[in-house]
2 protein chains.
Amino acid sequence: MERIEQHASFGGRQEVWKHASTTLGCEMKLAVYLPEPATRGQACPVLYWLSGLTCSEQNFITKAGAQAHAARHGVIVVAPDTSPRGDAVANDPAYDLGQGAGFYVNATQAPWAAHYRMQDYVALELPALVEQHFAASPLRGIFGHSMGGHGALVTALRHPGRYQSVSAFSPIVAPSQVPWGQKALGAYLGADREAWKAWDTVELIQMAREERLPLLVDQGDADEFLAPQLQPERLQAACEAAGHPLTLRMQAGHDHSYYFIATFLGDHFDHHGAALAAGPN
Amino acid sequence: MERIEQHASFGGRQEVWKHASTTLGCEMKLAVYLPEPATRGQACPVLYWLSGLTCSEQNFITKAGAQAHAARHGVIVVAPDTSPRGDAVANDPAYDLGQGAGFYVNATQAPWAAHYRMQDYVALELPALVEQHFAASPLRGIFGHSMGGHGALVTALRHPGRYQSVSAFSPIVAPSQVPWGQKALGAYLGADREAWKAWDTVELIQMAREERLPLLVDQGDADEFLAPQLQPERLQAACEAAGHPLTLRMQAGHDHSYYFIATFLGDHFDHHGAALAAGPN
């Protein structure tokens, strides 16, 4: 672990670190916001943010206004990159496949399987790393945007008990049914659509048997990707059928941008903050 | 005036416009945040933000978290670009001269004089444009960062009565005395240092005879540019000598970044909001 950025911010520190990921087989950067108590060694809960297509560890920490909320709630915020990176890592010229587009899955197909294991990175290696190197309690929440909203929902649903709270902005809820998801899951997991179900929120909601972590989802109704890629009505139907608690808020006039995220981010911090303050499930 | 971006944000709208500037002789972009009352045609005061070296109209609106504060106070926020732009506009390969580095002066020297009239643009053309096209009251405040902090202080001091309030983050307060300022003023205004005094906050403070607009200045004490370029002690000495009201806050551990600006931006909005709510001077 090597710190490559450090900025005072809202009484705490915004940092960026790099490390050699054993899961991904490459060097990775991650952003870590430490609220003031964590800078003094007092253990704080950790909220993981997963970003969308084309993003790095920088987008959320520079554009969302998250630090004010993290300081208010006393939570650490960790934002990893969105894929493995580097010249040795497979890539694709399209913005929605390869580097910057890991989709938070564990790839099984060549040439992706060698490095693209973002699910294990986010759910396993990253929390272990964070809980070892920072004043982090074992209480975790997870949230994200678009591809990262999909990542947050899928990661929480695949790991019952591992997260105290989950939420998403404009998530891809049914990747098996929409172009972004079909392209990515087809490439990373192969043509067998049965294998896609384990990475599809709507499918996982139907399969969930035990823990029913309440979902908070915000979606702009002027989002250009709403109809072709996001389709929150599929999530609503799946949650209703399964009895899964969902708060889906359609936000009038809002688009897919960080202006949308910033506007409602305080509500998401309140959602996670309450669950994290309540302690283990 | 042509709108080129529009995003719902904190109940209002973040917009970006372009227009043909008669003052600068080129096309310019400007960012405008409209709080909800302004979107309904209710006149709101306007706060002008001037950015620092290398910035465009985008930096402040994407990185500072300003919209939450603007919505809370019901003020319009206008962030122009930092220089004239385009292939027909003189430029320099250095980051601190030419495009992206207008220094908010009216240039008198070739090749700059043809387009580099940022002072008249910011103080005259821009308010006229904004007050014509948006639901803007004639109440104005001005603030900025680094080169833009210099711009805000100089613009307010050069136009007594025109602004209700002024503040700055890490401003260049004595451009005549520091490398950034000496390079820019030398290029734009020529070698005669007498001509620089009209563009130097410390000099203007000494010359001010009537209005004494209180200054709020935040400066990080871990700012890499503090000693070589910023030297707030010169502003403090000038204000003490002239009896000019100054609140200079040295912020422990803070650097020159937008993380610093975001941390204290709410205090600056409170400073401006109170003056703007109080009405004309």
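Visitor: How much area is buried between chain B and chain A?

Guide: Buried area is the accessible area (1.4 Å probe) that two parts lose on being put together, summed over both. In this predicted model, chain B and chain A bury about 1500 Å² between them, with 57% given by carbon and sulfur atoms. On the side of chain B, the residues that lose the most area to chain A are B:Ala8, B:Phe10 and B:Tyr259, together 43% of what that side buries. Local features need pLDDT of at least 70 and side-chain atom pairs pLDDT 80 or more, while totals for chains, interfaces and linings use all residues. Residues are numbered from 1 along each chain as its sequence is written, chains are lettered from A and ligands numbered from 1 in the order in which they are written, and side-chain values use heavy atoms, leaving out hydrogens and water.

Visitor: How many residues does each chain bring to the contact?

Guide: Contact means heavy atoms within 4.5 Å. Chain B brings 19 residues and chain A brings 18 residues.

Visitor: How many salt bridges are counted between chain B and chain A?

Guide: A salt bridge is a side-chain nitrogen of Lys or Arg within 4 Å of a carboxyl oxygen of Asp or Glu. Between chain B and chain A the count is zero.
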